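Me: I have a structure open and want to go through it piece by piece. Can you take some questions?

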Amino acid sequence: MTVTPSIQSLPKLSSWTLPWPTDWAALFGAERPLILEIGFGYAHYLAHLATIHPDSSVIGIEIANKCLVAGEDIIRKRGLTNVRVIHSMAETALHHLFTPASLSEVHINFPDPWFKTRHAGRRLMQRDTLDAIVNRLRPGGLLWLATDIVEYAEMSAALLAETPGLTNRLETPWVYQMPGRVTTKYERKAGQEGRPCHYFAYQRNDQPAPVVPVIEELAMPHIVLRSPLSVDEMLAHFERSEHRAGENIVSLMAAYRGRRSLLFEVFVKEPTIEQHVAFLLTEHPDGGEFTLQLGTLGHPRPTLGLHQAAALIGDWLISLHPEAQTLNRKLNPVAEASLKA
């Protein structure tokens, strides 16, 4: 029998530490419909969802620490046992934590509009993210969106109208009032400042969903090599560099000298996750042989991008001396191929 932890002892949850994908029935202690709120702010709406859906498991994702604290505080004070908050970017959660047709509802309330043109790629409502939402919604599942920015409403309306897997439940692209909806502090503020709110309601229909596979964790990247160079000589050759590998960007930022080792500071940006990690090159006790592996700082997840980063570092180390050679290389074949394309 699964025992649900007390509210006081619930562990902190993050997309960095949860399994990919997550077994939500095991986490909540019951197999129930899943409701997701993306960007729950101060969690008033999230708590409302948990209250009116006592037979569902409600999940809120946020990246702001103060909002996570507020959410945990409301859960504790109200004694809610069917809701959890998770530190995660929306793209990471949708692509890594949830399986296709696993969500009964998705709620998006007042997402950041990212007005500047150069920030447009950060907007939540865009084709790739919406395709992931459609894929993760079960048949008949609901998508709710609210915004007080008319330009964002117009952009979203056009995007939703071009999504065959969703059907508008309203007679118009949006409405200015949504009966039965709890009014949040932000909504009241928008009204006081003269900004009308735009509410959308869409339903997953029987059209095929876009193919959006769950991105699971890979094996840890691992390279063993032989080189006549010392770690000091390797360090002297290091230069900061940036590399594109398919959709991913790998930045080799810095290298630091340790005792018989080098630590490489690396930033990897992938469409669904960004990671700032360390790779450790360690010299074997007998000298001449080195092992390159992912460090444990910051809960790194071995994604395709991190395998690409390991391949780039390994290739660079081999290039430093004509007698250097690879002895063992355990990297994802897709990562290897992407660097040769």
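Me: Is E289 buried, partly exposed or exposed?
Reply: E289 is partly exposed, because its relative accessible area is 23%, and buried would need under 20%. Keep in mind that this is a predicted model.

Me: Which side chain does E289 meet in a salt bridge?
Reply: E289 pairs with R226, at 2.9 Å from N to O. The pair links distant parts of the chain, with E289 in strand β14 and R226 in strand β9, 63 residues apart.

Me: And R226, how accessible is that one?
Reply: R226 has 34% relative accessibility and counts as partly exposed.

Me: What about R301, which side chain does it meet in a salt bridge?
Reply: R301 meets E217, with N and O 2.7 Å apart.

Me: Where do R301 and E217 stand, buried or partly exposed?
Reply: R301 counts as buried, at 5% relative accessibility. E217 counts as partly exposed, at 38%.

Me: How many salt bridges does the count come to?
Reply: The count comes to twelve salt bridges. One of them joins R76 and D73, whose closest N and O atoms are 2.4 Å apart.

Me: How are R76 and D73 placed in helix α3?
Reply: They are three residues apart in helix α3 (residues 65-78), so about one helical turn separates them. As a general point, an α-helix has 3.6 residues a turn, so residues three or four places apart point the same way.

Me: How accessible are R76 and D73?
Reply: R76 is partly exposed at 36% relative accessibility. D73 is also partly exposed, at 22%.

Me: Which residues are linked with D73 in a network of salt bridges?
Reply: D73 is linked with R76 and K77 in a network of salt bridges.

Me: New topic. Which arginine is buried yet has no salt bridge?
Reply: That is R136. The nearest side chain of opposite charge is E216, and it is 9.3 Å away. A salt bridge needs the nitrogen within 4 Å of a carboxyl oxygen.

Me: What does the side chain of R136 reach, then?
Reply: It reaches the backbone oxygen of F98, at 2.9 Å. R136 is also in contact with residues beyond its sequence neighbours, among them L94, H95, T99, P100, V212, P213 and V214.

Me: Which helix is R136 in?
Reply: R136 lies in helix α5, residues 127-136.

Me: Is α5 mostly covered or mostly open?
Reply: Mostly covered, with eight of its ten residues buried. The buried ones are T129, L130, D131, A132, I133, V134, N135 and R136.

Me: Which residues of helix α2 are buried?
Reply: In helix α2 (residues 44-52), the buried residues include Y45, L46, A47, H48, L49 and A50.

Me: What do the buried residues of α2 pack against?
Reply: They pack against the strands β2 (34-38), β3 (57-62), β4 (83-87) and β5 (103-109), and against α3.

Me: Now V277. Which strand is it in?
Reply: V277 is in strand β13, residues 273-283. At 6% relative accessibility, V277 counts as buried.

Me: What is V277 in contact with, leaving aside its neighbours within four places?
Reply: V277 is in contact with F264, E265, V266, L294, P300 and L306. The C-alpha atoms of V277 and G295 are 7.2 Å apart, while the two residues are 18 apart along the chain.

Me: Last bit, the whole chain. How many helices and strands?
Reply: The protein chain has ten helices and 15 strands. Its C-alpha trace spans about 75 × 45 × 40 Å along the principal axes.

Me: What share of the residues is buried?
Reply: Buried residues make up 48% of the 341 residues. The chain exposes about 17,100 Å², and carbon and sulfur atoms supply 54% of that.

Me: How many positive and negative side chains are there?
Reply: There are 32 positive and 36 negative side chains, and the centres of the two sets are 5 Å apart.

Notes:
Residues numbered from 1 in each chain as written. Predicted model: local features only at pLDDT ≥ 70, side-chain atom pairs only at ≥ 80, totals over all residues. Heavy atoms only, no water. Helix = DSSP H or I, 4+ residues; strand = E, 2+ residues; numbered from the N terminus. Buried < 20%, exposed > 50% of the residue type's maximum accessible area, 1.4 Å probe, protein only. Areas by Shrake-Rupley, 256 points an atom, 1.4 Å probe, with all protein chains shown as cover. Lys, Arg positive; Asp, Glu negative; His and termini not counted. Charge placed at Lys NZ, Arg CZ, Asp CG, Glu CD. Polar contact = N/O pair within 3.5 Å; in protein donor to acceptor, adjacent residues only side chain to side chain. Contact = heavy atoms within 4.5 Å.
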